[in-house]
Amino acid sequence: MNSYETIKDRSMNSSPSVAKEGGGPYLVCGTLLENPMVVSSYHKMRIRTPIPYEDIHPGQFVMVRISEEPFPLLRRPFSIHSLRELRTKEGSDIEILYKIVGKGTNLMASWKRGKRLDILGPLGKGFSLSINKGVQVLIAGGIGAAGLFALGQKMKALGLQCSVFIGGKTKEHILCVDEFRGLGADVHMATEDGSLGFRGMVSDMVRSFLHGLPDPSGLFACGPVGMLKSIAEIAKSQSIPCQVSLESRMACGLGACLGCVIRTKGERPVKSQGETRHEKGASYKRVCKEGPVFNSEEIDWRKI
Amino acid sequence: MTYEGPKSPGHSPRMSIDIAGIKLKNPVMAASGTFGYGEEFVRIVDLNRLGGIITKGISIKPMEGNSPPRIVETASGMINSIGLQNVGLQAFIRDKVPFLRQFKTPVIASIFGGTAGEFRELAKRLDDVPGIAGLEVNISCPNVAKGGVLFGADPKMAHLVVRTVKRSAHRPIIVKLSPNVTDITLIAKAVEEAGADGISLINTLMAMAVDPQSRRPLLDNIIGGLSGPAIKPVALRLVWEAVNAVQIPVIGIGGIMTPEDALEFIIAGACAVQVGTANFVNPNACVEIIDGIEAYLVKNGFQHINELVGSLRIP
C-alpha cells in the first residue's frame with residue numbers, strides 16, 4: 001500500500017485532474033517521521049508528504065489539522081521549516097519547527113512517529129528570489145527562525161552568500177544556529193539578557209552589521225512584529241529591499257475566510273461615475289494568500 | 001433501485017431536490033462567507049459535486065471590512081468579525097460569476113445592503129446576470145452597524161426588505177435569518193408573507209471573547225459572530241421552530257461538520273443544509289457530507305432524501 005495516500009479516498013477520487021496541474025495547494029495525508037523536542041518548549045516535526053517538491057517555495061506554509069474532534073477546531077498554520085525531495089520523486093519530507101504555546105501545539109507535541117497527519121499546503125506566497133547577487137541577510141527572532149531555514153537552503157542551492165542573525169530573549173530562544181552553520185552561512189546571535197552572543201536587540205546588531213557591509217543585497221526577516229518593524233525601518237533608511245514573513249490568526253488558509261488580513265499601503269479600487277480607478281490608500285491583504293511574505297514597504301506598520 | 005453512488009458521484013437521483021424552484025443535485029450547499037467565490041477551493045474540491053454554492057455576501061460598493069484581529073477560536077467554534085469585506089457588485093459580476101458559471105452547480109448570490117433601496121438595486125442588477133440561480137438575502141449579518149441586524153431583528157423591517165427584493169428579482173429568493181432575536185417564528189412568518197421563496201438559518205450568534213492577561217477583547221470589533229459545532233444545538237432548535245412556523249422550504253445552517261449533523265437538520269424538517277465553518281477545517285467537508293448522507297439513505301432503505309425531510313419521530 002502506498003504509505004501516503006490522500007487523506008480520504010473520496011478526496012483523492014475527486015481531485016486527480018486538479019493535482020496534475022501542479023502548484024497546489026494539496027489536501028494530503030502525511031506520515032509523521034519524528035517529532036523530537038529541540039530545546040525546552042520547541043519541537044521539530046518531520047513529515048513525509050506526497051506534495052511535489054517543486055511546488056513548495058521557501059516562505060510558504062502548511063495548515064495542520066490538530067484533531068478530528070470539535071475542539072481544538074481550526075487547523076494551525078506553520079511555516080515550512082525545511083524541505084527535502086524524496087529519492088523516489090514521489091513527494092517531499094517537510095519539517096515544521098514549532099513552539100508549544102497552547103492547546104493545539106501541546107497536542108502536537110504528544111504525537112508519535114507513524115501518526116497520519118492531515119496536511120493542507122503548500123499555501124501562500126513565499127519569498128521572492130529575484131534578487132541581486134550580494135550578501136543576503138536573514139534575520140530571525142525566536143520561533144521566526146522556523147520560517148527562514150528553507151530560504152537559507154534555497155539560497156545555498158543558488159550559490160548565494162548568506163549572513164544569518166538570530167535573536168531571542170535568552171539563549172533558550174536562539175534556534176537553528178547549527179542548521180544555518182551547516183549551510184555554510186555565518187551566523188550571528190543576539191539575546192536580550194546577554195546570555196548568548198550580542199547583548200541587546202537583534203535589529204541593533206543588524207543595523208551595525210549593515211554599516212560595514214559594502215554590498216547588502218536584501219533583507220529577509222521573520223519574527224515578532226516589533227522586530228519586523230525595526231528591520232523595516234532599517235531597510236527603508238538604507239534603501240535595501242526587505243521581505244518580511246508575517247503571522248496572523250487564520251481559519252482557512254485558502255483566502256476564503258478573510259480572517260487573517262493585515263493593513264497595507266496598497267492601492268484600492270475606487271468607483272466613481274461608473275468607472276473604477278485605483279487610488280492610493282489603505283487596503284487589507286490576506287496573510288494566507290497575498291502573504292505571508294510581503295515587501296516591508298507594502299505594510300502599514302502603524303496599524304500592526 | 002440499485003446503489004450507484006460512487007460511480008456517478010453527486011448525480012444520484014435519490015439526492016436531487018428542488019428548493020424554491022432551484023434544482024439541486026443534492027441538498028448540501030457551501031454557506032456564504034465560508035467558501036469565498038468558489039475559486040479559493042477549486043484546486044482541492046470538485047465544485048461540480050456540490051449541491052450549491054452561496055457566494056460571499058455582496059454589497060453595491062466594495063467594502064473594506066473591520067480592522068484585524070477578525071477571528072478567534074473558542075471552545076468548539078470560532079468568532080468572526082470580518083465586517084462583510086467584499087469586492088462589490090460590479091467586480092462580482094465581472095470577475096467572479098464567469099468563473100463559477102463553468103460548473104454544473106447552482107450559484108446563489110448572497111446580498112446585503114444598508115437600506116431597502118440598496119437591496120432593491122442589488123436584486124435588479126443581478127436579475128439578468130447569467131449563472132445566478134437565485135439570491136440569498138442576508139438580513140441578519142451582525143457585523144455592520146448600519147445594516148444586518150436592524151432588518152433581521154424587526155419583522156416589519158424584514159418584511160419591507162424582502163418585499164422590495166421580491167419585486168425586483170425574478171429568480172427565487174432565500175432569506176437568511178439571524179438567530180439573535182427573541183422569537184424566530186415572527187421573522188420567519190414575516191418574510192414568508194413578504195414573498196420569500198425559502199428561508200435559511202441560522203447566521204452566526206453574537207459572541208465575545210476576552211484575553212484575561214491583557215484584559216483586551218480578542219477581536220478588534222469587540223463582538224463578532226460565533227459559528228462552528230458549538231452552535232449546532234441552538235441552530236437545530238431554531239430550524240425546528242421555523243419549520244413549524246412556515247410553509248416555504250427551510251435550509252438548515254449552523255455547525256454542520258459531519259453527515260450525521262446534516263441528517264439531524266433534515267430529520268428536523270430542513271429540506272437542505274448549508275455547510276460553513278467546516279469548510280475551513282476540512283475543505284472537502286461538503287463532499288464528504290454528501291457521500292455520507294447518500295450512504296445513510298441507502299443503508300436505511302430510503303428511496304429519496306425527501307422521505308427523510310421532517311421525519312422526526314416525536315414520542
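Buried area is the accessible area, taken with a 1.4 Å probe, that two parts lose on being put together, summed over both. In this predicted model, chain B and chain A bury about 3,600 Å² between them, with 57% of it on carbon and sulfur atoms. Local features need pLDDT of at least 70 and side-chain atom pairs count only at pLDDT 80 or more, while totals for chains, interfaces and linings use all residues. Side-chain values use heavy atoms, with hydrogens and water left out, residues are numbered from 1 along each chain as its sequence is written, and chains are lettered from A and ligands numbered from 1 in the order in which they are written.

**Interface of chain B and chain A**

- Chain B gives 41 residues to the contact and chain A gives 42 residues, where contact means heavy atoms within 4.5 Å.
- Two salt bridges are found across the interface, a salt bridge being a side-chain nitrogen of Lys or Arg within 4 Å of a carboxyl oxygen of Asp or Glu.
- Glu64(B) and Arg263(A) meet through their side chains in a salt bridge, at 3.5 Å from N to O.

**The side of chain B that touches chain A**

- Strands E5 (71-74) and E6 (77-80) and helices H8 (278-281) and H9 (285-299) of chain B each give two or more residues to this side; helices (H or I, at least four residues) and strands (E, at least two) are DSSP runs, numbered from the N terminus.
- E5(B) supplies the largest share, four residues.
- By class, the residues of this side are 18 nonpolar, 14 polar and nine charged; Ala, Val, Leu, Ile, Met, Phe, Trp, Tyr, Cys and Pro count as nonpolar, Asp, Glu, Lys and Arg as charged, and the others, Gly among them, as polar.

**Aromatic pairs**

- Over all chains the count is nine aromatic pairs, with rings of Phe, Tyr and Trp (its six-membered ring) paired if their centres lie within 6.5 Å; planes under 30 degrees apart count as stacked, over 60 as edge-to-face and the rest as tilted.
- Phe149(A) and Phe180(A) are edge-to-face, because their ring centres are 5.3 Å apart and their planes are at 75°.
- Phe149(A) lies in helix H4 (residues 149-157) and Phe180(A) in helix H5 (residues 177-182) of chain A, so the pair ties together parts 31 residues apart in sequence.
- Tyr37(B) and Phe92(B) form a tilted pair, 6.0 Å centre to centre with 50° between the planes.
- Tyr37(B) counts as buried at 6% relative accessibility, and Phe92(B) counts as buried at 0%.

Notes:
Buried means under 20% relative accessible area, exposed over 50%, partly exposed in between (1.4 Å probe, protein chains only).
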